[in-house]
Amino acid sequence: MNAIEISIVIPVYNSSQIIDELYKRISQAITTHCTYEIIFVNDCSTDDSWQKISLLTEQYPSLSGINFRKNCGQDNALLAGLRIAKGNYCVIMDDDLQHNPDAILELYNECKKGFDVCFANFIVRKQNGVKTIGSNFNGKMAELLLSKPKGIYLSPFKIINRSTVEEIAKFAGPYPYIDGIILTITQNLTQIAVEHQPRLSGKSNYTFSKSLSVFMKLFTGFSVVPLRIATITGFITTFLGFCLSLKY
């Protein structure tokens, strides 16, 4: 069994003002309960986030960092972190402290009951309306295209067991979508109610285009539906063309 029980993977983008407090709160929440590591993945921030991460890694052996040379997106950052994570369980969470570190052990204890993934279900989401609409839409599409269990909210705050992380790490495509990969691996999912906190500082980097990007990854990369649509459309077009050629 791994010496590290929980790995916490956090993609970072322009969160210099939050990183110190984020590390402090995570440490306070789990230090006395289990061994852990924290992996910050800097997605080519334009502020001094990487400098902050570098300073923390020098002070705390439980923390490591990855620095991207260009902005690659949240899911690429998560995949990079999961590939080096050593824990028996891996937590994924955002860098803005809207995901309460105190809930990590709750997710962990629930996942240990035999589930592959445990999602945090935010009863009240303290985020902008566009993000809520985008999340709900992509969740519905996941039900249709990937057989997502109804009622499961694909939360960005979750914990994943070791065997599932190892399968996720095998993904070799250019456009990863972590929840899409999870749904192609397992249906052994659960969730628990977790409080969604206000952002500590700054503003969200979420945009409508990011929600659309998630949908396109889901639609084109993790489902055979687009291929079937293209095939059916091709047959119909060919048939109509043949009929028209007979008429004229």
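**A walk through the fold, from core to loops**

Among contacts in the protein chain (heavy atoms within 4.5 Å) between residues at least 6 apart in sequence, 81% join residues at least 24 apart. This is a predicted model, in which local features need pLDDT of at least 70, side-chain atom pairs count only at pLDDT 80 or more, and totals for chains, interfaces and linings use all residues. Residues are numbered from 1 along each chain as its sequence is written, and side-chain values use heavy atoms, with hydrogens and water left out.

The secondary structure of the protein chain comes to 9 helices and 7 strands. Helices (H or I, at least four residues) and strands (E, at least two) are DSSP runs, numbered from the N terminus. Of the 248 residues of the chain, 49% count as buried. Buried means under 20% relative accessible area, exposed over 50%, and partly exposed in between, with a 1.4 Å probe and protein chains only.

Start with the nonpolar cores. Such a core is a set of buried Ala, Val, Leu, Ile, Met, Phe, Trp, Tyr and Cys residues joined through side-chain atoms within 4.5 Å. The largest has 36 residues. Those with the most contacts inside it are Ile8, Ile10, Ile26, Phe40, Ile104 and Phe157. Two or more residues each come from β1 (6-12), α1 (19-30), β2 (36-42), α2 (49-59), β4 (89-92), α4 (104-111), β5 (117-122) and β7 (189-194). The largest share, 6 residues, is that of α1. Apart from this core lies another, of 27 residues, including Leu79, Ala80, Ile152 and Ile178.

Phe40 shows the packing in detail. Leaving aside neighbours within four places in sequence, Phe40 is in contact with Ile10, Val12, Ile19, Leu22, Ile53, Leu56, Leu63, Ser64, Gly65 and Ile66.

Now β1. In this strand, 7 of 7 residues are buried. In a regular strand the side chains alternate between the two faces of the sheet. Ile6, Ile8, Ile10 and Val12 point one way from β1, while Ser7, Val9 and Pro11 point the other way. Both sets are buried.

What lies beside β1? Strands count as paired if DSSP finds at least two bridges between them. β1 pairs with β2 in the parallel sense over 7 bridges. β1 also pairs with β4, again parallel, over 4 bridges.

Two loops deserve a look. Most residues other than glycine have a negative phi. Cys44, in the loop between β2 and α2, has a positive phi of about 55°. Cys44 counts as partly exposed, at 25% relative accessibility. Leu97 sits in the loop between β4 and α4, and its phi, near 65°, is also positive. Leu97 is buried, with a relative accessible area of 1%.
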